[in-house]
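Welcome! Please take a slow look around the protein before reading on, and then let us walk through it together, one part at a time.

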Amino acid sequence: MPTLGAIADDFTGATDLATMLVARGFRTVVAVGPDALGRADPALADADAVVVALKSRTAPAGEAVALSVRSLEALRALGCRRFYFKYCSTFDSTPRGNIGPVTDALLDALGARRTVVVPSFPATGRTVYRGRLFVHDDLLDESPMRRHPLTPMRDARVERLLAPQTGRPVARIGLETVRDGADAVRAALDEPERADALTVVDAVDDRDLAVIAAATEDFPLVTGAAGLAVGLRGPHPGTARTAPASRPGDPAVVLAGSASAATRAQVAHALDRLPARRLDLAALRADFTGALADLTGFARESWAADPGRPPLLYAVADPDDVEKVTPEGAEPASELIERALAACARTLVGAGARRLLVAGGETSGAVVSALGARTLAVGAPIAPGVTWARAEVASPGGGGAVDLALKSGNFGSTDIFTTAWEQLA
């Protein structure tokens, strides 16, 4: 029976956290939405930790809160006793949420008064110092996140970002206290001004995260990026990974919907090494079925010509590829890309694909939903925040077990589209 339950606000964030938990010795299953927990599934019975993957990061606040509380209730019914609200290490949000509203609602549902806010994930370059969030050497508001199309981040002060989103006080604990150890952090958390607060805690390396985890080990709820899991310890060290579903040589495909700088660099690297086709938005709008057939036909031809090189279907390789103006009355480009790549995934699994690497949080959610996957059993890591997972899926013409890697747009090395497959060996 699982004892740790987590709620992630997007699909790549869920697998990001699950990767960390597996590395800490937790047999971990990702459940696709709270309804997946209401069904008998042997993987859930054998799990030490369950992460519910939601698509709530950019949903209306009321919808995000309702989904998160439903997830909490389902996790409690499953037997979980401690909880983790996972959001992005770049604190992706708007002045209305959804990090603050969801945190407040989860605390209220648990009858808890306080928690910590820890977006640091040093392995991916995200750190918090003096309450300011850095992305590698840049402050958050000077990083590419400043121009994010859905959640532009124009302030690096986590307290200022969080305060308009919550009805609770927002406090901070500095690095000097963290470096004094877990007892010092706990004493600071026990001070009256933090008794009902959401407390932002500085952390610039994994040792700091381990201190924070130790100081909050009896908190019913912690919140943060996947980095906070560094300080957790599961019951199955070294044996928590699930086995892959596919074999070398099985058909594979890369589906890249993200327009982030990191994914654009990964696409550019792959264009010289993999067969590739960019989505034509005008063609998709004019004849979605015909354009989809062209994309999936290209992938099947690529498998036939060279089974060892997965085809790449991508949305953006260059900033100029981003649609500047959506035609009047047309479907927004982001939604069209998600719908097209999800449909490609469904069709290609039906045609035999058994390995899919998906880039982009929203795209990953659309793909997993289209494939009808309900749970993902976590396997081998690929990069910080990115892992392979085994899923039972459905599609026209056939389904079964496949290997999925769901990659946040900002994560992974430049060569991830060509090297990720090595971890399935």
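A residue is called buried when its relative accessible area is under 20%, exposed when the area is over 50%, and partly exposed in between, using a 1.4 Å probe and protein chains only. Keep in mind that this is a predicted model, in which local features need pLDDT of at least 70 and side-chain atom pairs count only at pLDDT 80 or more, while totals for chains, interfaces and linings use all residues. Residues are numbered from 1 along each chain as its sequence is written, and side-chain values use heavy atoms, with hydrogens and water left out.

Let us begin with charged partners. A salt bridge is a side-chain nitrogen of Lys or Arg within 4 Å of a carboxyl oxygen of Asp or Glu. How many salt bridges does this rule give? The count comes to 28 salt bridges.

One of the salt bridges joins Asp9 and Arg57, whose closest N and O atoms are 2.8 Å apart. Asp9 lies in the loop between β1 (4-8) and α1 (11-23), and Arg57 lies in the loop between β3 (49-53) and α3 (61-78), so the pair ties together parts that are 48 residues apart in sequence. Are these two residues buried or exposed? Both Asp9 and Arg57 are buried.

Another salt bridge is formed by Glu159 and Arg172, with 3.5 Å between the closest N and O atoms. Because Glu159 sits in helix α5 (residues 158-162) and Arg172 in strand β9 (residues 170-173), this pair ties together parts that are 13 residues apart in sequence. Glu159 has 17% relative accessibility and so counts as buried, whereas Arg172, at 28%, counts as partly exposed.

The side chains of Glu323 and Arg285 also meet in a salt bridge, at 2.7 Å from N to O. This pair links distant parts of the chain, 38 residues apart: Glu323 is in the loop between β14 (312-314) and α12 (333-350), and Arg285 is in helix α10 (residues 281-286). Glu323 is partly exposed, with a relative accessible area of 24%, and Arg285 counts as partly exposed at 26%. Salt bridges can also share partners, and in this way Asp9, Asp10, Arg57 and Asp92 are joined into one network.

Now we turn to the strands. Strands of a sheet pair through backbone hydrogen bonds, either parallel or antiparallel. Two strands count as paired if DSSP finds at least two bridges between them. An open sheet is formed by 3 strands in the order β6-β7-β8, and their pairing is antiparallel. Since β6 (126-129) and β8 (138-139) stand at the edges with a single partner strand each, one side of each is left without a neighbour in the sheet. Strand β7 (residues 132-135) runs antiparallel to β8, and 2 bridges join them. Here Phe134 stands opposite Leu139 in β8.

Strand β18 (residues 400-407) is mostly covered, with 7 of its 8 residues buried. Strand β15 (residues 355-359) runs parallel to β18 and is joined to β18 by 5 bridges; Leu356 has Leu404 as its bridge partner in β18. Strand β17 (residues 386-393) pairs with β18 in the antiparallel sense over 6 bridges, and Trp388 stands opposite Ala405 in β18.

Our last topic is empty space. Rolling a probe the size of a water molecule over the atoms shows where empty space is left. On a 1 Å grid over the protein atoms alone, a cavity is a set of points where a 1.4 Å probe fits but cannot get out, and a pocket is an open set with protein on both sides within 12 Å along at least five of seven lines; lining residues have an atom within 4 Å of a point. Grid points are joined across faces, edges and corners, and a volume is the space filled by probe spheres set on the points.

The count comes to 1 cavity of 30 Å³ or more. About 50 Å³ of space lies in the largest cavity, and its lining includes Leu4, Tyr84 and Leu232. The second largest pocket has a volume of about 230 Å³. Among its 12 lining residues, Asp41, Ala43, Arg374, Thr375 and Glu392 lie nearest its centre.

Definitions and conventions
Helix = DSSP H or I, 4+ residues; strand = E, 2+ residues; numbered from the N terminus.
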